[in-house]
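Dear colleague,

I am handing over a structure that is new to you. Please look at it first; an account of what was found follows below.

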Amino acid sequence: MSRVGASGRDLSEVTLEAVQENEVSMADLSIHPDTLEHQANVAETHSNPQLAANFRRAAELTALSDEEVLALYEALRPHRSTGEELNSTARSLEDRGAVLVAALFREAAEVYARRGLLRH
Amino acid sequence: MNAQSVNLDGFAIEDSDLGLIAFNSPADPEPSLVLGSDGKIIEMDSRAAADFDVIDEFIARHGLDLSVVAEAMALSDLAFIRMVVDPNVSRAEVLRLAAGMTPAKLARSLSRLRPIELGMAMTKLRARRTPSNQAHVTNRSDDPLLLAADAATAAAFGFREIETTVPVLGDAPSNAIAVSIGAAVGSRGVLVQCSVEEALELEMGMRGLVSYAETISLYGTEQVFVDGDDTPWSKALLTSAYASRGIKMRVTSGGGSEALMGAAEGRSMFYLEARCVALARAIGSQGVQNGGIDSAAVAGSVPGGVRSLMAENVMVMARNLEACTGNDALMSESDVRRTSRTLPILLAGSDFITSGFGSIQRYDNMFGPSQWNAEDIDDFLVIQRDWGVDGGLRTADERNVAALRRRATDAVRAVYRQLGLADFTDEWVEQAIDAAGSKDVPESDLLTPLVAARIIRETGITMLDVVRALYETGFEIEATRILEMLKARVAGDYLQTAAIFDEAFNVLSLVTDPNDYAGPGSGYFPSADRQIEIDAIRQQKSVADLRAEQAEHKSVAFHSVGQAAVGNDPREVVIGVSPAVGRDIWRTLSGVSVIDALRELLAGLEEEGCIGRVVRVNTTLDLGMIGLSAARLSGSGIGIGLQGKGTALIHRRDLSPLANLELYSVAPSLDTSLYRLLGINAGRHAKGATPEPARNPYSDEAIEARYHTKVVALVDIERQLVDSELGIEELRIQL
């Protein structure tokens, strides 16, 4: 399982020759969500459920482009988003199956409102 | 005393209002944890949920193991910390309980550990069995060639992580590539990061330009956290973003940073750091870089501050996280003090002893000078050897390093040319290879890295392009090494806690190399090969080395002319030399040749109108007996004894062996004028005149440290030539 990149390509095909022929992309070298789920299980058996939760959020983010991930980070920084924006991002993440990351946005909407960290 | 370097350091009177207090501020909250009827936390550390700041909130929602909080919070501080140091209580059990402790509870408990107990805790609680170390590789001009050469050097010295950064932000992608190439030249499996603003750092990670990240800063008060333009939720997202691309990351915190930014809320540094560490665990970071870091000197300025820095690291370990244990920013001008700050951690062993050993010149360290810098590497290696501990470093052979530096600069030059990033001149390459630091590379030009970095960003160059360029320009080994590092992202094993790669590219982590310390005789011991690396410092010498060194000064001036007879000329003074003089020993400890010493002795005797005669006393290596034997052969009854190492004395035939007339005992300090004076004085003794005894030269240097190993070797050489049958030989010396 852990030999297959996010693109579905097996690592055995990622050779120097293939790189030279421009037949390898960064997606071939990105982690597959199933591998992150496996690593989450390993983290749990090593008494770190928070690390496991992180890997499971990460598994959801594998489906998003670099730009989308960077935009999600930006949206969660202080005073960047209104409560509605955070919640609407959460909804769109849920629609795409990213329920754990969405939960992070819903929590942020609630806590930022109480602590004055929303954009006015 | 005021001139001592420690007095350049700043020391603060404890002031809890300003946060200038290491442990247990009056404003630190009483530990508490109250669960509501729905099982959720309604109070933590004496604060009601409605008043939680963002840090409390995130920890309360995600950070604690609610199934053990009742047990853990009810445990007394002392009962817990005794478990921490008790080898009969497993690491797992300590961690299980710590997972249920609030920041205030863990802070108050661990604040009571004494320094040696902190060391025991560190030995037991750290995640990875095998210790390691991280280097800083930067320079003032972001010179890609020098970065590559220095990264190769750092890898050769054994660093398994290299952190670079930039004086000019725009240069970052160029630095990341240059250091990655250099590291790949030096060794397989060296992780590389480029510390810059969070979003740019992530972007470089996504493009494969770095293989881990560390500069994801956490702070212990909401004010400072938000001033840093982040919240626990944005940091949690960032943490997941790295994992989503298969990239290792850890967060950074450190006591004193809140006081430095004027928003410590009157809390102790250690309590605020306890919040950071609990948050690090809560957001799912696998590790923490702490121990003051940039504010280490703030912690160092208050009573107990240095202990609190180490306690911060132990707290990270107690939270089951990778500990990258500070010792990076220089926290004192005093060599004694900065050694004192680091030594307990080096002895205890840590996932990374330093989170940035400046493997470069101090002036080139763009993080500021480190606690340990290039000029300290020999000291660090010797300290490892002294204590027999593994600080992650090893001796790098000088010729090997020179070859690596050349290959690293050649590789960067080839890649930059191939990718159309830059053309470097031959002069620049040669200067970078030989340079100790950027001051030695006048050819370096500041625009080159900036232009290269802009092209990298604008054309979307990834590490795959670098791999291709390396491969196409004949650097297949480096191409393979960088490609295997990219492929490691797919496996994801190096996302686990405390992961590094060894030189065979095996992942060593909490999972694959768990710390199994359970008291004396257990836990990490260096392998036999690693012990040899630790022990084999470049300065060590054997008797054979010393013998070869002596042989270089061999002279043909000594001729044995048979058994020595008793003389009867009252002007005669006999000089007895030890068995190895003129056979295996040719030079004394002070560097004076034995021929020159004899020449001066004879000249001194001549000045006094005496006649010298030289014999070799083969029967003993004891200088008293040598001098006495010479005196007994001497017409005047006065003899001189001279050992190969240079120690000399005047003797008289009627005295006991140990009761000599004059002794020159500090052989390393004896120069030719003193041997002349000894000759003169022996002559005066022979004539019955009154000599002026020589004053033994005094030195404040560590003479014994410098020469005792040589003395042992020289005495051994003498002992092997002791031969009672050969007796005392008359020598003819051609001066």
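The centres of domain 2 of chain B and domain 3 of chain B, taken over C-alpha atoms, are 54 Å apart. The domain assignment divides chain B into domain 1 (1-125 + 211-287 + 299-304), domain 2 (128-193 + 354-535) and domain 3 (545-733); such bounds come from an automatic or database domain assignment.

Please note that this is a predicted model, in which local features need pLDDT of at least 70 and side-chain atom pairs count only at pLDDT 80 or more, while totals for chains, interfaces and linings use all residues. Residues are numbered from 1 along each chain as its sequence is written, and chains are lettered from A and ligands numbered from 1 in the order in which they are written.

The two chains

In this model, 58 residues of chain B are in contact with 43 residues of chain A, contact meaning that the C-beta atoms of two residues, placed from the backbone, lie within 7 Å. On the side of chain B that touches chain A, α11(B) gives the most, with 10 residues. By class, this side of chain B has 25 nonpolar, 17 polar and 16 charged residues. Here Ala, Val, Leu, Ile, Met, Phe, Trp, Tyr, Cys and Pro count as nonpolar, Asp, Glu, Lys and Arg as charged, and the others, Gly among them, as polar. Helices (H or I, at least four residues) and strands (E, at least two) are DSSP runs, numbered from the N terminus.

The expected span is 1.5 Å times one less than the number of residues. In α3(A), 12 of the 13 residues are buried, that is, 20 or more other C-beta atoms lie within 10 Å of the residue's own, with C-beta atoms placed from the backbone. The buried residues of α3(A) pack against α2 (33-45), α4 (66-76) and α6 (99-115) of chain A, and also against α1, α11 and α13 of chain B.

Helix α22 (residues 476-491) of chain B has 16 residues and reaches 23 Å from its first C-alpha to its last, close to the expected 22 Å. Its buried residues include B:Ile482, B:Leu483 and B:Leu486. Those buried residues pack against α1 (16-20) of chain A and against α8 (172-186), α18 (398-418) and α21 (463-472) of chain B. After α22(B) comes B:Gly492, with a positive phi near 75 degrees.

Two sheets of chain B

One open sheet has four strands in the order β6-β5-β4-β11 (chain B), with parallel pairing; strands pair if DSSP finds at least two bridges between them. Its edge strands are β6 (191-195) and β11 (355-358) of chain B. Strand β5 (residues 161-165) of chain B is joined to β6(B) by five bridges, and B:Thr164 stands opposite B:Cys194 in β6(B). Across β5 and β6 of chain B lies α8(B), running at about 160 degrees to β6(B). Axes are lines fitted to C-alpha atoms, for helices over the stretch in contact, and angles run from 0 to 180 degrees between N-to-C directions.

Another open sheet of four strands has the order β7-β8-β9-β10 (chain B), and its pairing is parallel. At its edges stand β7 (212-217) and β10 (322-324) of chain B, each with a single partner strand, so one side of each is left without a neighbour in the sheet. Two bridges join strand β8 (residues 248-252) to strand β9 (residues 287-289) of chain B, and B:Val288 in β9(B) is the bridge partner of B:Val251.

With kind regards
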